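Let us walk through this model chain by chain. Keep the viewer open as you read.

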Amino acid sequence: MDQIIIQTLHGLVNGMVLAMVASGLTLIFGIMDIVNFAHGDLLMLGAFVGASVLGVTGNYWLALLVAAVVIAVLGAALQVTTLRPLIGRDPLTTILATFGVSLVLQKYALWQWGPSVRQISEPVRGDFTLFHLQYPWYRIVTAILAALIIGGLWLFLKYGKYGIWIRATTQDRVMAQAMGIPVPLVYTAVFAIGSAMAAASGVLFGPFAGVTQTMGFDFTLRAFIVVVVGGMGNLGGSILASIFVSLLEAYAAIVVSPAQAVIVSFIVLVLTMLFRPTGLFVPTPK
Amino acid sequence: MTASIAARPRSPAAPYWTGFAVVVALLVIAPLVLPPFWQRFATEILIWGLLAMSSDILIGYTGMVSFGHSAFFGLGMYGAAAALLTIKPPSLGLAVLYGLVAAAGAAVFVAYFATRLRDIYFAISTLVFSQIFYVIIFTWTEVTGGENGLTFRQPPFAIPGLFSVPFTRNGLHWFVLAVVALSYLLLRRITQSPFGMVLQSIRENEPRTRAIGYHVERYKIVAVMLSGLFAGLAGVLYAIQNKFAAPDFVLFLISGETVIFNVMGGMGTLVGPVAGAAFFLLMKEVFSRVFYEYYLIPVGVIFTLMVIFLPQGLLGFLRRRLNQ
Amino acid sequence: MLVLDNVDAHYGKSHVLHGVSIEVRAGEVVGLLGRNGVGKTTTLKAIMGMARRTGGRITFEGRDLHGVPPHGLAGLGIAWVPEERRIFRLLTVLENLRTGLDRRGVTPARREGLLEKVYAYFPILKERRNQAGGTLSGGEQQMLAIARAVVLEPKIILLDEPTEGLMPRMVAQIQEIVHALHREGVAILLVEQNVPLTLDAAGRVYIMEKGAVRHHASSRELRADQRVIHEYLGV
């Protein structure tokens, strides 16, 4: 029983982090039809930048902020140089291009920071007591932060002036342009936002398992699964799906090893694609 | 030589066959004149070239981008390992058989998805599938040797009942060359047949192909099976050449590299991906001298630039240049 | 003000516009009539940079529109109300209007003023302002599309078949709006199949057939001699 409670907490916390990553991915896909293979690597770079800043300043919150900003700029640069020329081309070309970028980013991280695992120390010490169980506070804090950030994103999209621009462009790019919305700029901004969220996720996740140059791939994989299961381009759906899939994986980890628990996600993906291809949490289209 | 192949893809005219013969002849002589390192290199190019060709069937001809080739390759490898470890004396034929059957098994699975999913969803699920596969191999230590993989002895080149001769280094190279060359000829025959034409038609415009009356699903299934089988064969060859099977080769990166070969060389040309494999491996060698293990940085940059500016690959680029 | 000079356009290999020359002066209402598929919408799309222009020039206030990016046209004063209306379905009525209101250089006071203006024209929009665009009826969506263009404070509105599929009462309302906008000095290039409405609203009319302009006359002349209308529109 204790196991189940702990795993539930794990699932929820991991789910929130994954939700942050998937939100960025689904936003990017929804607006410009790009399946960003390098998303997890942006997360990874964010974690490394965060680790470095933390090492220099000792301030976790500063590290989080700097990582998000730096990677946002990197993301914008990437979009302008490699993805803008590909607008209008076959979407599979963008998978290939972002795959190439992913390789470069991974190896760059290896070159810049070396192969050893970096540490990001927890921002908050101590354990949280639930009944007689102990659970690290920082993980709870992480989940809350993730929820806040996602909430902030949602508010921005719903009420902000630029949020309206983003939603309009997602729905009808041509008409948005006709209304004077500078679509190319919106694309770059969205990519930057997605990158920033990925980077922040990286820093938040850092204390969980250390920072390595391959940590991004697992996230990319899970984020892809979650975005499909949640309905591509559907923000709410991908958040729900993130929690759902993470919980399932956490429970599965009771029975099999954590590395094997990812198979559960795969099964969910397969079932979704076969029976509800528009997404598990999306009402079936008429 | 490449020029004549590119300029006349349909008619097997004299220049084409001459070119082909020249390449084969060069590869035959290779082990005799090259230093051992480059000799191995030549053999490896052949094997990766076969893998690249198998992938081209799906990506280049049928238009289905797949990141799952590491699974087929890996299954071929581990299948051969299984035969060579469990059956004494080690038999070449059985190694090939086991490997192909294992790869075929995975191919059936993937083929099922190919018929139900399109484009991005298919690509993502092959990606996930190959990763799952890696996890299984990595963690099922009792069967697969886990992280360390399996080692075994190289089987002799044997036709049961007739003769049995252990492979020399040259002999192995020629064997691989023979298998790859035959595979190439077979694949070429298939892609230039009406079947191959339908595949390309599916790539260009699937709804229209379906509307004309072709059973698109059946063609896709066959394409996946073919692709998987030849990828598995490449895995078998790799196992035989190196005498080990390791999870590293089931990593997604292998699938990724395969896709790189295809894009760099020129999709849908069969020859292109082989050239792409050679080009990539060469670049890897050269850049490794300068950048050590960071060779993927410049290679990755070149790949990305090629996707953007040279989507037709090297072969396409050459083709255009020579047609001007 | 808006001049199309011998414009050719292609969709892929199809040659869809042949030497189209049209002019709309400041404050004018100009009609573009023709049967289905003759190229009226394509002409508007060519102005908006959405069809591949392969010959001729399009200028607005003397400036060649060739190099202008698609999102720059609204800033120049050109507003587009497309045939399919293209309401942002998942945005509320107010948010739809905001895509035009939230421009640079518009003070909050002016924004309020513009909003009140379109609410005065279209009271139903004020009522439905927090409803999603996709839940509006056809006529209401048409009004929203026009309102959206109006808040851009354009110099010219490209109106594509505004009365298509609307009930007579709504058609009359549209007619009213066109008159009101004309009184305000906004130029309108009105593409329509509704002949009486066009002749009433527009000062001059171009008639197209098979991708080219075949006839050009004042609406007074066309009203007097109905034969031309019969010939090209079979009405």
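How many bridges join strand β1 (residues 2–11) of chain C to strand β4 (residues 52–60) of chain C? Seven, and the two strands run antiparallel. The model is a predicted one. Within this pairing, H10(C) stands opposite R52(C) in β4(C).

Now widen the view to the sheet. The order is β2-β1-β4-β5 in chain C: four strands, an open sheet, antiparallel pairing. At the edges stand β2 (14–24) and β5 (63–64) of chain C. Each has a single partner strand, so one side of each is left without a neighbour in the sheet. Strands of a sheet pair through backbone hydrogen bonds, either parallel or antiparallel.

Next, move along chain C to helix α7 (residues 168–184). Start with its length. At 1.5 Å a residue, its 17 residues should span 24 Å. The end C-alpha atoms are 25 Å apart, which agrees.

Then look at which residues of the helix face inward. I174(C), I177(C), V178(C) and L181(C) are buried in α7(C). They cover an arc of only 100° around the axis, which puts them on the same side of α7(C). The other side of α7(C) has exposed residues: P168(C), R169(C), E176(C) and R183(C).

What do the buried residues of α7(C) pack against? The partners in chain C include the strands β3 (29–33), β7 (156–160) and β8 (187–192). Helices α4 (108–121), α6 (138–150) and α8 (195–201) of chain C are also on the list. After α7(C) comes G185(C), with a positive phi near 95°.

Turn to the assembly. Two pairs of chains are in contact, and chains A and B share the most contacts. Chains B and C do not touch; their nearest C-alpha atoms are 17 Å apart.

Between A and B, 28 residues of chain B are in contact with 33 residues of chain A. On the chain B side, α6 (119–139), α12 (252–265) and α14 (296–309) each supply at least two residues. The largest share, twelve residues, comes from α6(B). By class, this side of chain B has 20 nonpolar, six polar and two charged residues.

Finally, check confidence in chain A. The mean pLDDT is 87, and 98% of the residues score at least 70. Among the elements of chain A, helix α3 (residues 60–83) has the highest mean, 93. Strand β1 (residues 127–130) of chain A has the lowest, 75. Where pLDDT is low, the predicted coordinates should not be read in detail.

Key: Residues numbered from 1 in each chain as written. Chains lettered and ligands numbered in written order. Predicted model: local features only at pLDDT ≥ 70, side-chain atom pairs only at ≥ 80, totals over all residues. Expected span 1.5 Å × (residues − 1). Buried ≥ 20, exposed ≤ 12 C-beta atoms within 10 Å, placed from the backbone. Arc of directions from axis to C-beta. Contact = placed C-beta atoms within 7 Å. Nonpolar A, V, L, I, M, F, W, Y, C, P; charged D, E, K, R; others polar. pLDDT = per-residue confidence, 0-100. Pairing = 2+ DSSP bridges.
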